[in-house]
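Reader: Please take a close look at one part of this model. I would like the contact between the chains, and then what lies behind it.

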Amino acid sequence: MSTAWNRYYAPDTVTAALDILQRYDGRARVIGGGTDLLVETRRGLRRPIEAIVDATRISGLDSITEEGDYIIIGCGVTHTTIVSDPRIVRYGQCLSESCGVIGGPQVRNTGTLAGNVAHALPAGDGTIGLMALGGDVEVTGRDGARWMPAKDTFKGPGRSVIDRHHEILTRLRFKRQSDNEGSAFHRVMRPQGLCLPIISMATRLRMNGNTIVAAGISMGPVGPVPWFAEPAAEALVGQPASTETFNEATRIALEHVSLRTSKYRATEEYRESMIRTWLPNILANAVQRAGVPT
Amino acid sequence: MSRLQMVVNGNAVDVDVDESRYLSDVLREDLRLTGTKVGCAEAECGICTVLVDDTPVVSCVYPAFKAQGRRVDTIEGLQQDGKLHALQQAFLDHGAVQCGICTAGLIMTAKGLLDRKAAAREAVTEDDIRAALKDSYCRCTGYQSVINAILQASGQDVKPYLPETRAPKTEVGQPRPNPNALAKISGSARFTDDYAFPGMLFARTKRANIPHARIVSIDAAAARKLDGVHAVLTHEDIPGRNAHGIVSVDWPVLCGRKVRYVGDAVAIVAADSQDIATAALDLIEVEYEELPVVADPISALRDDAVHVHEERPDGNLLKHIKVRRGDLDAGFAAADVVIDRTYRTPTTEHLFLEPECSIGIPAGYDPARFGGAVDAEATRGETARHDKTTIYVGSQIPYADRDQAAATLGVPPTEVRVVATLMGGGFGGKEDITGQIHAALLAEATGRPVKMLYSRQESLLVHPKRHATIIRMRTGATKDGRLTAVEATLYGDGGAYASLSEKVLTRATTHASGPYDIPNVRVDCFATYTNNVPAGAFRGFGVTQSCFAAESNMDSLAEELGLDPVEFRRRNALAVGATTVTGQVMRESVGLMECIDKVDHDMRGEDFRWAWDEGDRRLAWGLAVGYKNTGLGGGAPDKATAEVEAWQDPDKGLLAEVRISSAEMGQGLPGVLAACAAEELGISAENVGVLLGDTDVCPDGGPTTASRQTFVSGNAARLAARDAASKLADAPGTRVVTQHEYWAPATQPLGTGGDMHVGFSFVAQAALCEIDRRTGEVQVRRIIAAHDVGRAINPLTLEGQIEGGIVMCIGYALTEHYILEDGKPWTSVMARYKTPSITHAPPITSHIVEHALSTGPFGAKGMGELPSIVTAPAITNAIYNATGVRVRSLPVDQDSLLHAIRTGATEVELGWGDRDPIPTIEFGASH
C-alpha cells in the first residue's frame with residue numbers, strides 16, 4: 001500500500017524545509033528515519049499525508065559537533081552514530097546507552113534522536129537519556145531558532161510543543177560531563193508483545209568527593225510524558241552517595257509518579273517494583289562512573 | 001512520477017517512479033530484484049534488509065526516495081564473477097538455509113556487520129552477531145547454524161555443527177546442503193510473490209472483521225463500478241461447492257449466510273493494482289446482524305451456548321476423543337502419590353515469514369495477449385502451458401488444493417493444476433486453503449492471471465493457529481517410582497471451522513500421558529467449535545500441548561517421591577516390549593532410554609547441581625521427554641507415489657529425477673528424497689534432481705504433515721528408484737521411467753487396539769535456564785538434546801530441523817501468545833507477536849539416536865515435529881528447580897513469576913496474555 005503520501009522532499013537547507021512546510025500548510029510531515037511514522041502509515045493507522053519532508057539531508061545537521069561546553073547533535077544523526085561516537089560515550093554515556101536499545105539495529109541505522117524526541121512518546125529511550133543529561137533541543141521556525149530544555153517539549157503522549165506544521169527540531173545538545181560526573185541508563189523489557197519499555201530510566205550525577213552536588217533523573221512511562229524527576233533529583237543533592245540516599249530518592253520518585261497497569265505489558269505493581277530495584281542501581285552506577293570508589 | 005537515481009549492486013539505475021514508493025517495492029517490482037523479500041511491512045522481521053551506503057536498513061518502510069543518489073546493495077549483487085560471497089558459501093556449508101525466505105535478510109545484515117568490523121580491523125564475536133542480527137528473524141534454523149556460518153565467513157575456523165551419526169552408506173547418512181539452498185542464498189529462488197505474469201491483476205479479500213454474525217445483505221455494486229476493478233465476487237458467483245476443508249468440508253469459500261470468525265471471507269476483488277483492490281473493499285457494503293460470541297471451549301459446550309454451526313447435531317462439540325486403558329480406580333488405589341493439576345496452553349501463530357500468496361491463471365491463458373512472453377520456468381517448459389486453470393502456491397498439500405479448488409470451480413480435479421512454488425515456511429500453517437480458490441475464481445472470472453497476496457496482518461487474522469488447551473491431569477505413582485494411572489481431561493479450542501482439529505486433538509489425547517508404560521489410563525478430550533480464529537496443524541500437532549502437562553506432573557511426582565526426575569522417567573520409559581496407552585505393542589525402534597542417557601550424561605558433568613546462584617540470577621536445569629508418531633496412523637490410508645526417471649548423460653553419467661507432489665517448506669525434503677533414490681541407483685545424490693508439487697507432472701505424495709514425508713515419500717522414492725535400477729540393469733543405457741505407489745503399513749483406529757501408528761520417534765531435552773531474581777526474566781542458557789530418528793538420512797538438514805524446532809518451542813514457553821479477546825485478535829500486527837530472535841537462541845548440544853524402524857527408508861522415521869514438543873516443559877521444570885514456582889500457563893509471565901518468587905507462592909497460574917484464572921474442570925465432563 002503506497003498511497004500514504006504523494007511527495008517526498010529531502011531539502012538541503014532549513015529554509016527550504018520550512019518553505020515546504022509553509023507551502024503544504026499542515027499537510028506535510030517532517031521525518032528523520034521515519035521509522036515510527038512510516039510503520040504507522042503503512043499499517044493504515046494514520047491518514048495519508050500529502051508530503052514528507054526528510055530532515056536528514058539538511059547540510060550541517062547530519063553530524064555531531066562540539067561547541068564550548070556542549071556536544072551538539074544534528075537532526076539527521078542516527079541512533080547508530082550516537083551509540084558509536086566516542087564523544088557521546090565519554091561525555092554522555094546514558095544517551096549512548098539509551099539510543100543503543102531503541103528498536104533493532106536496522107531501525108537505529110535510520111532512526112534519529114531528533115525524531116525520537118519530536119515524537120514525544122511517554123518512554124522514548126533516547127529522549128529519557130537526553131533529558132537526564134539536562135539536554136536541550138533547538139526548534140527552528142521562520143522567525144528563527146530557539147533552544148529549550150528537552151524536558152519542556154512534551155504536551156502529551158505523542159504531542160510535542162513543536163509546531164510540526166511550521167517548525168523543525170533542528171539540533172539537540174547537552175553539556176559535556178566533566179571528570180567528576182557520571183551517567184547511567186537502564187530499561188526493563190519483556191520478551192512478549194509490543195517492544196515498548198516496561199520502564200526506562202536514566203540519571204546524571206556530579207560528585208564532589210562522595211557527595212552528590214548535582215543530579216538529573218528521568219524516567220518513563222510514568223505518566224503521559226517522559227518525566228524529569230526533579231523532586232527525586234533534589235533529594236540527592238548535598239547527600240553522600242549511599243544506599244540510603246538512593247533509596248530515599250527512589251521513595252520520593254515513587255511518591256510523585258502515577259504508574260499504570262498497561263494491558264499485556266506490565267502491572268502497576270511490577271513497574272513500581274522495577275523502579276524500586278533499578279533506580280538505586282543506576283544511581284550507584286553513575287556514582288561509580290564519576291570516579292567515586294564504591 | 002519522479003526520477004530516482006541509485007547505484008544498485010554497482011549498476012547505475014535511473015527509474016521513473018511515484019515518490020510514495022518504498023524501497024522494497026522499487027527493488028522487487030520495478031527492478032525485478034525479487035531476492036529481497038517482504039515479511040511484515042512493519043519493520044519487525046528484518047527479512048527485507050538491504051544495504052544503503054553499506055548500512056543495513058529495512059527496505060519495507062524505507063522510502064525509495066530516501067535512497068536518492070545512494071548505493072543500494074541486495075543479495076543479487078553478492079556473487080562476484082560467479083563466485084559465491086564468503087557469507088553465501090558459509091550459509092551453504094552450515095545448513096543455515098532452510099525455507100530461504102529470511103536468508104537474504106540474514107546475509108545482508110551480516111554483511112553490514114562483517115564489512116564494518118573489517119574496516120575497524122576487529123574480529124567478529126558471537127556477541128557482535130547477536131547484537132547485529134537481533135531484529136533479523138528466522139523461523140526455521142534456530143540461529144545456531146547462522147551464527148557459526150557468519151563466524152566462518154569472517155575468516156574464523158568454524159566447522160558445521162554435526163552430531164555423531166551412524167557411518168553413512170554411499171549417500172544415505174551423508175551431510176549435504178539442501179539442493180535448493182544454492183538458489184536461496186543467491187536470491188534467485190522464486191517464491192509465489194516473486195512470479196509476475198503479463199496482464200496480471202491483484203486481488204484482495206473483504207473480511208468479516210466481526211466474530212459471529214448473520215449476513216443480512218451484501219452490496220458490491222459500488223465496488224464493481226470503481227475504475228480499475230475487473231471483478232468483485234460474492235457467494236452468489238461460485239459455480240461449484242461453496243466450502244472447503246481437509247477433514248470436514250465446513251468452511252465457506254465466500255460467506256453468504258453468516259460469518260463465524262473475524263477472518264471469514266465475504267467478497268473478493270481483482271483490480272489493476274492492490275491499492276485499487278483495497279479501495280474497492282471499502283465500497284462493499286455488508287449488513288450484519290451480530291450474534292453472541294462463543295469465545296472459549298468450555299463455555300462453548302454449555303447448554304445455553306449459541307451454536308457456531310447451527311446445522312450440526314452435536315452443537316459446538318466437534319469431537320469427543322477418548323483413550324481408555326486398564327482400571328483407573330485400581331490404578332489410583334495402588335498409587336502412593338498423586339499429582340492433580342490443571343494447565344493452560346495458549347493459541348500460537350506459525351509466523352512463517354512468507355505471508356500466504358496464490359496466483360491463479362485462467363485456462364487457456366496466453367501471455368502474448370498482454371504483450372508478454374511465456375515464463376518458461378513458471379510453466380516448467382513448453383510442454384506444460386496454462387491449458388487448464390492453474391494455481392501457483394506454496395502449499396503443504398498440493399493435491400488437496402487442486403481437488404478443493406476444482407470442487408468450487410465446478411470442474412473435475414484433472415481440470416485444475418497446482419504448481420507448488422517454494423514455501424517460505426509452513427510448520428502446519430499452510431495445509432488449509434487460504435487464497436488458492438479465491439485466486440482461481442478471480443482468474444476465471446477475469447480471464448487474467450490474478451495474484452492474491454496476504455499482508456502480514458491479514459495472515460495473522462486468517463490462517464488456523466495452534467490450539468489453545470486447558471488440561472487437567474492426574475498422575476499416580478508408587479513409592480518405588482512406578483506410574484500406576486493417568487487421568488486427563490482436555491478442552492481444545494478448535495475455532496470457527498474444523499480444519500484438522502479432530503486429528504490434532506486426537507494426537508494430544510493419545511500422547512497425553514507421555515512416552516511411558518502406564519497400565520491404567522483414561523483421557524477425554526473435547527474438541528470444540530468457537531468463534532475464534534480456527535485452529536489446525538502446527539508442528540507438534542497437539543502433542544506439544546499435552547506434553548507440557550504430562551512432563552510438569554512427572555517432575556512434581558518425582559519430587560514428592562524423593563526420586564531423581566531422570567531416574568523416575570527411566571523407570572517408566574517405554575521400551576521394546578511395552579504397550580502404549582492405545583494398546584500398541586512396541587516391537588522395535590524405541591530409543592527413548594538412550595535419549596535419556598545421552599542427555600543425562602551431558603547434563604551431569606562434574607559437580608552437578610540442579611540449581612545454583614550467580615549473582616542476582618539463579619540457574620537451574622530442567623528436563624523433559626516425549627514422543628511423536630510417524631505418519632497419519634489411526635487407520636487412515638497413508639500412501640505416496642513417486643516417479644523416477646533415469647537416463648545416461650554423456651558427460652555426467654547416470655542422472656535421475658524424482659517427481660512427487662510433496663511439499664518442501666525448508667525442512668530439506670528434496671535432499672532426503674535425492675539421497676534415498678541415489679542410494680538405490682548407486683549414484684551421487686548430486687546427480688538426482690527432485691521435482692516437487694506439480695499436480696500435472698508429479699504423482700501424489702500426500703500431505704506434508706504428521707512427520708510423514710521422509711517415511712512415506714522417502715519409501716516411495718527409494719522403491720521407485722529401485723525399480724528404475726532394476727530396469728536399467730536389464731537395459732543399460734536406456735531412459736527409464738518408473739512409478740511406485742508406496743503404502744505405509746496399515747494402522748488401527750483409536751479404540752481398537754493394535755498398531756495405531758507405524759512407529760514413534762523419541763526425544764529427551766534438558767534446558768539450563770537463568771532466572772533474574774530482580775525482574776523475573778527468564779533466559780535459556782543452554783539446551784542438551786537427544787532425538788531418536790531411526791536413521792539420519794541427511795545429518796546436516798536433520799540438525800537444522802532439531803535446532804529450529806527447539807527454538808520454536810522456546811518461543812512456546814517464553815514469548816508466544818496469539819491473544820484473542822472475545823473472538824477478536826489483539827494480536828493484529830506482527831509487532832504484537834514475538835517469536836524467538838537470535839538473542840533468545842541458546843547454544844544447543846545435539847545427539848542423534850538411531851534405533852532403526854524396519855519399515856522406514858533405511859530405518860528412518862519421522863522427526864520434523866519431534867524437537868518442538870518437550871522444550872517448553874524442560875524450561876518450566878528448570879524454572880521450578882530454580883525458584884520453587886510451578887508455572888501452569890504458557891508463555892511464562894515474568895511479572896507473575898517475580899510476584900510468586902517474592903511472595904513465596906508455589907504456583908503461577910497466569911501466563912502472559914491471560915486475563916482470567918484457569919477454569920476449574922471436572923474429569924470426563926463435557927461442560
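Author: Chain B gives 47 residues to the contact and chain A gives 36 residues. Two residues count as in contact if their C-beta atoms, placed from the backbone, lie within 7 Å. This is a predicted model: local features need pLDDT of at least 70, side-chain atom pairs count only at pLDDT 80 or more, and totals for chains, interfaces and linings use all residues. Residues are numbered from 1 along each chain as its sequence is written, while chains are lettered from A and ligands numbered from 1 in the order in which they are written.

Take the side of chain B that touches chain A. At least two residues each come from β4 (55-58), α4 (126-132), α8 (274-283) and α22 (894-903) of chain B. Helices (H or I, at least four residues) and strands (E, at least two) are DSSP runs, numbered from the N terminus. β4(B) has the largest share, 4 residues. By class, this side of chain B holds 20 nonpolar, 14 polar and 13 charged residues. Nonpolar means Ala, Val, Leu, Ile, Met, Phe, Trp, Tyr, Cys and Pro; charged means Asp, Glu, Lys and Arg; the others, Gly among them, are polar.

Now chain A itself. Its assignment gives domain 1 (5-53), domain 2 (64-175) and domain 3 (181-289). Such bounds come from an automatic or database domain assignment. In chain A, the C-alpha centres of domains 1 and 2 lie 19 Å apart. Their contact takes 14 residues from domain 1 and 19 residues from domain 2. On the domain 1 side, α1 (14-24) and β2 (28-31) of chain A give two or more residues.
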